Amino acid sequence: METFTYAPQGVCSNQFILTVDNENNRVKNIEIKGGCPGNLIGISHLLKGMDIDEVIEKFSGVPCGMKSTSCPDQIAQALRSYKAQH
C-alpha cells in the first residue's frame, strides 16, 4: 500500500489523498478535501477497490458545468500522475 497526495487544479476540491494497492493496481481509499461533500463522499465510496485504469478510463474528460475539468477528471489526472511516478 502506498499513500499519494495530489493537488487538483481548476476545481473546488483542494487536495486528494489516495491510498493505492500497488500489487493489484487498485484504489484502496481516497480522501477528498474541499468541494461538494455529499457528491465526493459518494464518489470516494464507489472508488474503493476499483482498478486504477478503469477509474482513469471512466473519469477522464468529465466536465463540471462550463469548466473543462471536474473532480472526477482531476481524480483521473491524480491516478495518471501516480502511475507515471511508479
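**Entry 1, ground rules.** I am working with a predicted model, in which local features need pLDDT of at least 70 and side-chain atom pairs count only at pLDDT 80 or more, while totals for chains, interfaces and linings use all residues. Residues are numbered from 1 along each chain as its sequence is written, and side-chain values use heavy atoms, with hydrogens and water left out.

**Entry 2, the strands.** I took helices (H or I, at least four residues) and strands (E, at least two) as DSSP runs, numbered from the N terminus, and I counted two strands as paired if DSSP finds at least two bridges between them. Strand β1 (residues 2–6) runs antiparallel to β2, and 5 bridges join them; in this pairing I found T3 opposite T19 of β2. The hairpin of β1 and β2 has 6 residues between the strands, and G10 there takes a positive phi near 75°.

On its pairing with strand β3 (residues 26–34), β2 is again antiparallel, with 8 bridges, and V20 stands opposite V27 in β3. The hairpin of β2 and β3 has 4 residues between the strands, and N25 in the turn shows a positive phi of about 55°.

I then asked how many residues of strand β2 are buried. For this, buried means under 20% relative accessible area, exposed over 50%, and partly exposed in between, with a 1.4 Å probe and protein chains only. Strand β2 (residues 13–21) is mostly covered, with 7 of its 9 residues buried.

**Entry 3, the salt bridges.** I counted a salt bridge where a side-chain nitrogen of Lys or Arg lies within 4 Å of a carboxyl oxygen of Asp or Glu, and this rule gives 3 salt bridges.

- E31 and K33 meet through their side chains at 3.2 Å, N to O; E31 counts as partly exposed because its relative accessibility is 37%, and K33 is also partly exposed, at 34%.
- K83 and D53 form a salt bridge at 2.3 Å, N to O, and this pair links distant parts of the chain, with K83 in helix α3 (residues 71–85) and D53 in helix α2 (residues 52–59), 30 residues apart. K83 is partly exposed because its relative accessible area is 34%, and D53 is partly exposed with 35%.
- E54 and K58 have their closest N and O atoms 3.2 Å apart in a salt bridge, and both lie in helix α2, 4 residues apart, about one turn of the helix. E54 is partly exposed at 32% relative accessibility, whereas K58 counts as exposed because its value is 52%.
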